[in-house]
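Here's a quick tour to follow with the model open on your screen.

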Amino acid sequence: MNVYIYILVMALVTYLIRMLPLTLIKGKIKSRFIRSFLSYVPYACLIAMTFPAVFYSAGNTIGLIAGVLVAIILALKEKGLVTVALAASLTVFLFSFINP
Amino acid sequence: MKKEFTHGLKCGIPIALGYFAVSFSLGITMVAAGISAAQGTVMSLTNLTSAGEFAGIRVIAVGGTLAEMVLTQVIINLRYSLMSLSLTQKLDPGMSLWKKLIIAFGNTDEIFAVAMSHQKSLTFRFMVGLQLLPIIGWTSGTLLGAIAGNLMPERVSIAMNVMLYGMFIAIVVPAAKKSKPVLIVACMSVVFSCLFRYVPVLNEISEGLAISICTVAAAALGAIFFPVKEHGASADSSKNDTSKK
């Protein structure tokens, strides 16, 4: 089968999943439960994607742990997104020399 | 008005860099699976999702059916529905349908995360600005990975990859510091996520689906035990929760 047909199907399904809820729900949701639920979704989702997966991504584990710790400490000090992301990345980079 | 767009662009820079690194390795994977650089680039430009594309590549490589492809994509990308649903509560209330149709395209994990941590309601210009560089980074990274995969030093791409996780931490930790409910929801989410990684049978469930289940479970428990106040609808209601304590 032509690879582009697969790609078209993938793109279509992925777009519909993103688009339908965004366009079908109009205005503020009334239900207190659903509003509460949705307010927690970002945090629950981001954390589920990060832990424990980050420790299994490419790179040496000690460097990854150090990178995560640096990120958490800077985030607790409420440094910006870019600062935290770059610092975590730099830490992992430096550890790749120390502990190959 | 113009500021909204440029502000969005600026917020998109770290995402774009992280995407470049991840899609670079995606490009390498594609070529190894027999997909051409052109096909891979089109896939990244039109799909804009790491897990979904990785899974799609596998289906293509084994010559799976289109039904399999649809099922795989639905399961792995289901979390985007939750994100889009959450996003509706933060969008500029007057946003027209066609503008929503455009910004729906780039609602990825990271763009969603940054959008939700944005202090104001989300305008069309901000969202377009926010999505533009990540889309370019994701697509160009795939192309370069596919044609020149072995040129980038591995330790550089590994380090860039961690940037995305760093961003997630930068969004959740300050919110959890201010709001105990957010902290508890985050902790529950880690526990659920670990169950799907380490417990036999559960760890056979695809990562994409596992993330959706963890999200629904932790957020629902949060909503049951810590309902938000009547007027604090969005994710930045965390401040209200602290003052309540």
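Predicted model: local features only at pLDDT ≥ 70, side-chain atom pairs only at ≥ 80, totals over all residues.

The axes of α1(A) and helix α5 (residues 79-88) of chain B come within 8 Å and cross at roughly 30°. An angle under 35 degrees counts as roughly parallel, so that's what α1(A) is to α5(B).

**More on that helix pair**

- The crossing of α1(A) past α5(B) is right-handed.
- On the α1(A) side, the contact is made by A:Ile17, A:Arg18, A:Pro21 and A:Leu22. Facing them from α5(B) are B:Tyr80, B:Ser81, B:Ser84, B:Leu85, B:Leu87 and B:Thr88.
- Sorted by class, this contact of α1(A) with α5(B) has six nonpolar, three polar and one charged residues.

**Where the two chains meet**

- Zoom out to the whole interface: 62 residues of chain A are in contact with 84 residues of chain B.
- Four helices of chain A each supply at least two residues to the side that touches chain B: α1 (3-24), α2 (32-50), α3 (61-76) and α4 (81-98).
- Which helix gives the most to that side of chain A? It's α2(A), with 18 residues.
- By class, the side of chain A that touches chain B has 46 nonpolar, 11 polar and five charged residues.

**Inside chain B**

- Chain B is divided into domain 1 (2-172) and domain 2 (179-245). Taken over C-alpha atoms, the centres of these two domains of chain B are 23 Å apart.
- Now find helix α7 (residues 109-117) of chain B: eight of its nine residues are buried, so the rest of the structure largely encloses it.
- The buried residues of α7(B) are B:Asp109, B:Glu110, B:Ile111, B:Phe112, B:Ala113, B:Val114, B:Ala115 and B:Met116.
- What covers them includes α2 and α4 of chain A, along with α1 (2-32), α5, α8 (124-148) and α9 (154-178) of chain B.

**Another helix pair, this time within chain B**

- Helix α3 (residues 50-61) and helix α4 (residues 66-77) of chain B have axes that come within 9 Å and cross at roughly 160°.
- α3(B) passes α4(B) in a right-handed crossing.
- B:Ala51, B:Gly52, B:Ala55, B:Gly56 and B:Val59 of α3(B) meet B:Glu68, B:Met69, B:Thr72, B:Gln73, B:Ile76 and B:Asn77 of α4(B).
- The class count for this contact of α3(B) with α4(B) is five nonpolar, five polar and one charged residues.

**A serine with partners in both chains**

- B:Ser189 sits in helix α10 (residues 180-198) of chain B.
- Is B:Ser189 buried or exposed? It counts as buried, because it has 29 C-beta neighbours inside 10 Å and the cut-off for buried is 20 or more.
- Skipping neighbours within four places in sequence, B:Ser189 is in contact with A:Ala44, A:Ile47, A:Ala48, B:Cys214 and B:Ala218.

- Most residues other than glycine have a negative phi, and most peptide bonds are trans.
- The peptide bond from A:Phe51 to A:Pro52 is cis, with omega near -5°. You'll find A:Pro52 in the loop between α2 and α3 of chain A.
- B:Leu48 isn't a glycine, yet has a positive phi of about 55°. It lies in the loop between α2 (37-47) and α3 of chain B, and is buried, with 25 other C-beta atoms within 10 Å.
- B:Val201 also has a positive phi, near 70°, and is found in the loop between α10 and α11 (207-225) of chain B. With 6 C-beta neighbours inside 10 Å, B:Val201 counts as exposed.

Conventions:
Residues numbered from 1 in each chain as written. Chains lettered and ligands numbered in written order. Contact = placed C-beta atoms within 7 Å. Nonpolar A, V, L, I, M, F, W, Y, C, P; charged D, E, K, R; others polar. Axes fitted to C-alpha atoms, helices over the stretch in contact; angles between N-to-C directions. Parallel < 35°, antiparallel > 145°, perpendicular 65-115°, else oblique. Left-handed = near helix turned anticlockwise from the far one by under 90°. Buried ≥ 20, exposed ≤ 12 C-beta atoms within 10 Å, placed from the backbone. Domains from an automatic or database assignment.
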